[in-house]
Amino acid sequence: MSIAHRPPHEPALDREHAHELLAQMLVIRHFEEKAAELYSGGKIRGFLHLYIGEEAVAVGAMAALAPEDAIVATYREHGQAIARGVPAASVMAEMYGKANGCSRGRGGSMHMFDAERRFYGGQGIVAGGLPLAVGLALADRMQARPRATVCFFGEGAVAEGEFHESMNLAALWKLPVLFLCENNLYAMGTALARSESETDIHLKAQNYRVQSEWVDGMDVLAVEAAVARAAASVRRGDGPYFLEARTFRYRAHSMADPELYRGKDEVTEWKKRDPIASFAARLQSEGLLTEAELEALDTEAWREVDWAVEEAERGEWEPVEHLERDVHTAP
Amino acid sequence: MSKITYREAIRAAMREAMRADPRVFLMGEDVGRYGGAFAVSLGLLDEFGPERIRDTPLSESGFLGAGIGAALGGMRPIVEIMTVNFSLLALDQLVNHAATLRHMSGGQFSVPMVVRMASGGGRGMAAQHSHSFEGWYAHVPGIKVLTPATVADAKGLLLAALEEPDPVVVLEHATLYPVEGDDTPDAPMEIGLAAVRRPGARVSLVTYGGSLPKTLKAADELAKEGVDAEVVDLRTLRPLDMDTVVGSIAKTHRAVVVDEMWKTGSFAGEVMARIMELAFDELDAPVVRVCSREVPMPYAKHLEEAALPQVGQIVAAAKGLL
């Protein structure tokens, strides 16, 4: 369920658009809740990293981007993929490992790809996607295409050398890339303050002369506006941009994580700022959403998730004879 | 035809490819103004300008990864890593990203990128600038590995690499750069074919890359002693042409495998294992190998020579099989 691209000069908040944003966040929330259940039931294997709590970042960002822009995503990317318009069924089927999954069962939860939507993965190596994004932007520059490459990564990535190499290259070559850092405060179990000497991480980008700012990642409209502004700057040729979205994941790092490193109180505090509940409340207070409409959106979101599960269940297994396909391009 | 060197042959391939296809560009450390650490790209900046002969900071992972991204974005990058030793700083991008993207995306994305790097010992560069890791790269499905050993191959295989839809690693043994030859091809060669560089009947000497000149010398020595050795040059390590190797052993029934990797885990070990799988019944003697000694490369000339495969060892190994 892709949301139509809106030019940045348009006012962000009208009823229809607001409902679309809310609907998409609800789909992602319920999709992830269902995924957790299916993982426990043995339908999904491997790692499963849930996006619950962070929905406003992907939904706000994708709403501000154009179809010709490119996305490089992380391994916590179900929400990023769905917000970009990759059908939920295709994402779910991928987690089932089915041939109708968006990577034909080769990638799983961490490696969603979609060429048609310029969605360049689902990258499982922290910070590994940043150089790729730099290169995609370089290709655009060399071919004189005025579009943006948006690279998602977590705050854990800023400790990696590839982050620093990429900042420098992008700034040095003035490339049209938007670095979108989802700062959820924990790199697996390591709190930001336990791993970084400078915890105000958007300042790191400034050191490379990359324009940077932070935005409230729990506020979908703030994210949309910031990404629209940043992407416009990037497309104009003003060089790279760094946006830090301050957010929080409610669930453990992955399904294998017993969460020994943080207290329940912290999670409870962040849930008070839930991106879905707070956005719905705001719309209701502004007269843009009724209780009945909210219920209908929620029901519709569940229907989409149920459809995704049905499609995944219905999907075929890739024949084992195809195992070695697509290692190299077939001659 | 006038003679050209191995390094000029590589330069000629890059120049021709860049003239023919605007998507092709070169990037790496000091490839532009400096002309390349091994002078391979000397003069290309004047013809193609700084956008296409792109100097990079010392960020191997960053610019190799940018090569992957540029390839995804429709370009045909040639990434020069100064030496194979520095490629260790870019292993994540090469192994975790370039090699996996096609398969991991269910065939949706290809990475048509060529990564060139100098490799090997023999020049007094000591323990951090003399490695042979081609077997590591050949271990990885998703990348092709070329080890041109002749001037003609330096050009013809690179032209072929630039037509590949997937990542290709080209290892250029640094002792080969000044070698002269006089017949370079105008068209890309086929990837995945070994070549018999010297026909013979009594023993097969199987090698590649920087060890080919030594192995040919060993065959000359053996000939003086009345031993007719056949020399097989693998040319590409992945895909590996075992048909040519097995065809040679079907004639000679004996084989010595020569490479410059450390013996433990050397690519020679892989070739030996395949000979065992495919041609055990042809063998009249155990297959043996001549590899580097198990020591970080020493600086002093006599020590380095003792650490690397030498002509005398190849001759002795071959004679030991007769």
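Visitor: Which residue is the bridge partner of Leu146(B) in E7(B)?

Guide: In this predicted model, Leu146(B) has Val170(B) of E7(B) as its bridge partner.

Visitor: What makes strand E6 and strand E7 of chain B a pair?

Guide: Two strands pair if at least two bridges are found between them. Strand E6 (residues 144-146) and strand E7 (residues 168-173) of chain B have three bridges, in the parallel sense, so they meet the definition of a pair.

Visitor: Where do these two strands sit in their sheet?

Guide: The order is E3-E2-E4-E5-E7-E6-E12 in chain B, an open sheet of seven strands with mixed pairing. From one strand to the next, the twist averages 20 degrees.

Visitor: Why are strand E3 and strand E12 of chain B said to stand at the edges?

Guide: Strand E3 (53-55) and strand E12 (236-238) of chain B each have a single partner strand, so one side of each has no neighbour in the sheet.

Visitor: What joins E4(B) to strand E2 of chain B, and what joins E4(B) to strand E5 of chain B?

Guide: Strand E2 (residues 24-28) of chain B runs parallel to E4(B), with five bridges between them. Strand E5 (residues 114-119) of chain B is also joined to E4(B) by five bridges, and this pair is parallel.

Visitor: Why is strand E4 of chain B called largely enclosed?

Guide: A residue counts as buried if 20 or more other C-beta atoms lie within 10 Å of its own. In strand E4 (residues 76-83) of chain B, eight of the eight residues are buried, so the strand is largely enclosed by the rest of the structure.

Visitor: How is chain B divided into domains?

Guide: The domain assignment gives domain 1 (4-181) and domain 2 (195-319). Taken over C-alpha atoms, the centres of these two domains of chain B are 26 Å apart.

Visitor: How many residues of domain 1 of chain B are in contact with domain 2 of chain B?

Guide: There are 23 residues of domain 1 in contact with 24 residues of domain 2. Contact here requires C-beta atoms within 7 Å. On the domain 1 side, helix H6 (134-138), E6, helix H7 (151-161) and E7 of chain B each supply at least two residues. That side divides into 10 nonpolar, 10 polar and three charged residues.

Visitor: What makes the size of chain B agree with a compact globule?

Guide: For 322 residues, a compact globule would have a radius of gyration near 20 Å; chain B has 19 Å, so the two agree. Of the 322 residues in chain B, 58% are buried. Chain B has 12 helices and 14 strands.

Visitor: What does chain B contribute to the contact with chain A?

Guide: Chain B contributes 33 residues, and chain A contributes 34 residues. H3(B) gives the most to the side of chain B that touches chain A, with 10 residues. The residues on this side of chain B comprise 11 nonpolar, 18 polar and four charged.

Visitor: Which strands are the edge strands of the six-stranded sheet in chain A?

Guide: That open sheet has the order E2-E1-E3-E4-E8-E7 in chain A, with parallel pairing. Strand E2 (119-122) and strand E7 (211-216) of chain A are the edge strands, as each pairs on one side only.

Visitor: How do you know that E7(A) pairs with strand E8 of chain A?

Guide: The threshold is at least two bridges. Six bridges join E7(A) to strand E8 (residues 241-246) of chain A, and the two run parallel. Asp216(A) has Arg246(A) in E8(A) as its bridge partner. Helix H8 (residues 220-236) of chain A packs on the sheet and touches strand E4 (177-183), E7 and E8 of chain A. The direction of this helix makes about 170 degrees with that of E8(A).

Conventions: Residues are numbered from 1 along each chain as its sequence is written. Chains are lettered from A and ligands numbered from 1 in the order in which they are written. This is a predicted model: local features need pLDDT of at least 70, side-chain atom pairs count only at pLDDT 80 or more; totals for chains, interfaces and linings use all residues. A residue is buried if 20 or more other C-beta atoms lie within 10 Å of its own, exposed if 12 or fewer, and partly exposed in between; C-beta atoms are placed from the backbone. Helices (H or I, at least four residues) and strands (E, at least two) are DSSP runs, numbered from the N terminus. Two residues are in contact if their C-beta atoms, placed from the backbone, lie within 7 Å. Axes are lines fitted to C-alpha atoms, for helices over the stretch in contact, and angles run from 0 to 180 degrees between N-to-C directions. Ala, Val, Leu, Ile, Met, Phe, Trp, Tyr, Cys and Pro count as nonpolar, Asp, Glu, Lys and Arg as charged, and the others, Gly among them, as polar. Domain bounds come from an automatic or database domain assignment. The radius of gyration is taken over C-alpha atoms; the globule rule is 2.2 Å times the number of residues to the power 0.38.
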